Amino acid sequence: MTHAEVNLDKGYAVVSLQGEIDLYSSPQARELILGCLEEGKPTLVDLSAVSYIDSSGVASLVEGLQKARANGLAFALIGVSEAAMNVLRLARLDTVFSIYSGIDACPAV
Amino acid sequence: MNSEPVTALQLERIRPSDLPAPPREALQVVQACSDPAIDNPQLAELIERLPKLSAELLRLSNSSFFALRSQVKSIAHAVSLLGHRNLRNLSLCLAMRDAVREDAIPGLDLAAFWEDALRRGVAARLLAAEVGLDGDEAFTVGLLQDFGLLIGFYLRPDRSHEWACLRPLDPDARLQAERTLFGMTHAQIGQELARQWALPDDLAEVIGLHHAPVMTDLEPHVQSLCRLAQSADWLAAVYTADDSRGVIRRCRELLLAGWGLDTAATDALLERINQVMAEAAQAMNLPIEHQTGLGEIMRAANLRLAEDNLSFQEMTLELERALDERNRFAVELERELTLAREVQCSLMPRREVPRGQVIGVNHSARRLSGDFYDYFPTRNEQVYFAIADVSGKGMNAALLMAKASSLFHCLGKVVLDPSVLLATLNREIAESTIRGMFVTMIIGIYDVHSGQGKLANAGHLPALQAGPDGALREFPAQAPPLGVLPEGRFPAVEFDLTAGELYLFTDGLIEAEVQGAPLELEGLAALIRRERHLELEQRLHRIMGAVIPASGSPRDDLTLLAVDLTTSE
């Protein structure tokens, strides 16, 4: 992962991940995502700049989803890159996550 | 040490008026003692005219430090007991002690100077006794050997504050510092003083030359006094030098090489210096500070030894210890992992399947795999098979894999529908999964007679079925992986093994790099088509061989399972 940052937009915390999300970078992604949810914020993960994501990276997203559900918080993926989308689709995880083209397409919170 | 340029003293420029006034009366006694024409009564008469000197000589003669054979009641008695030479020496010591007044050198701790001088005298006396030389003469030499230093400060009182810097140095370093400070050493200054004050030649030589490295042109007696003075200098420095450890070591070397004394004798002598200091101070009427015991100094030195060595020896030791520990842990971990790997391998079957065969191959990137496959016959002539891949790698993946495989193996004996079985496994795994870990899995079941079966794919890569014409049919995931959400359906699709064998595999296989690029599904399909003429087991090994690097382990766990009905017929 070359970069990750958190912004606040439309009431969401937006975690933007970039580059490769693998065994080495996913712990940072996990920390950012869980950090937002622990603060009780509805959270979006922007995957538009993700060039590669492996199962440990997907696990970070899954954990975010599980935590959001447990805490009754909105959680969605936005701007999912083709590389990330292929992985999600292959595992049928596209049926599990709420996926929006961008923050403008997300329902207001 | 102050580094500002210092105008060096020049011996030829030291005028008598620059020096302290010579103690004329005492020097008169000194000269009389050296004069063979003067007999004992004449000498006693001379001394008795000097009440202060007389009183001090009597006190000295009766002191426990000088320990004469009997109590000395009169100067005449002292003269006869001490002899001219000792009387001369003692008179000189007393004269020199008073030659520089307390207030003559502002800023110099005169008491501390004399305390150090006294310690040199005591050291010289004790060493002399140890090696069979005259103790009283040695004391005089030891006491007066550094008198030149006092005169140096007398000549340059502006430098008196430097004394505090000189004192904790060892004798060699101090000599060097004196050269910087005065442009000459205390020995040179002392020698000049001895010349101007007309001190006896033998003493002047010792004062001037006790630091000279080679003294072959000196009389043997003066030579041994010089060596004695030098040794005494080092012995006394044990009690004043910062580097007491280094000075103690030097003392042991000096006394062994110069006087044949071993370490124990040297240490005993050092100890004795401390014990005798109080007596000597009383005898000489010099005030001294509380004396630090040798034991304390040794302990401090040993402490410093430990500190010094910590930088290297201790750190090396620590490092060796840490490496040993690491190696021990590594061996233990290796043993644990080997056992875990054995248990894991035991979870993957190698058993006969009635009518047809199922063959699996697994290579793990780490010793413990997050992949698994399994197959077993059920009680109604059916065969269950499964392949799974746990997210992540290593120990945590292996443990979740063990759970998933156990659930499959156990529940598969009673639940004969892949959809129901996957839904059951999903609930079990979702209930306890942590850190978002999940399991992608295909479960299939077929009838060993008809070859008809169905499989369900939960988030796993598609299964491939090879047709007779070489075309490959895909069975992609119809549901998300296990453990993501507790609810969900896992629809199954039907297959017919008579149409061709099934291949199930994990992502490690199709992501493996072959000739610089990932194999991908297409690459695997091409490999399957190319090797299809081979026996199933040989075919699987050929395919694996194509993707596993010749050296080293694969980057990811690789698992390939083939299910075939026809080959064993």
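## Exercises on a two-chain model

In chain B, helix α1 (residues 24–34) has as its buried residues B:A26, B:L27, B:V29, B:V30, B:A32 and B:C33. Buried denotes under 20% relative accessible area, exposed over 50%, and partly exposed in between (1.4 Å probe, protein chains only). Helices (H or I, at least four residues) and strands (E, at least two) are DSSP runs, numbered from the N terminus. This is a predicted model, in which local features need pLDDT of at least 70, side-chain atom pairs count only at pLDDT 80 or more, and totals for chains, interfaces and linings use all residues. Residues are numbered from 1 along each chain as its sequence is written, chains are lettered from A in the order in which they are written, and side-chain values use heavy atoms, with hydrogens and water left out.

**Exercise 1.** State what covers the buried residues of α1(B).

*Solution.* Contact requires heavy atoms within 4.5 Å. The cover includes α2 (40–48), α3 (51–62), α4 (75–97) and α10 (186–197) of chain B.

**Exercise 2.** Describe the interface of chain B and chain A: its residues, its buried area and its salt bridges.

*Solution.* 

1. Chain B brings 24 residues to the contact and chain A brings 18 residues.
2. Buried area is the accessible area (1.4 Å probe) that two parts lose on being put together, summed over both. Between the chains it is about 1600 Å², with 60% given by carbon and sulfur atoms. Of the area that chain B buries against chain A, 30% comes from B:R435, B:V484 and B:L485, more than from any other three residues.
3. A salt bridge needs a side-chain nitrogen of Lys or Arg within 4 Å of a carboxyl oxygen of Asp or Glu. The rule finds one across this interface. A salt bridge joins the side chains of A:R69 and B:E487 (2.9 Å, N to O).
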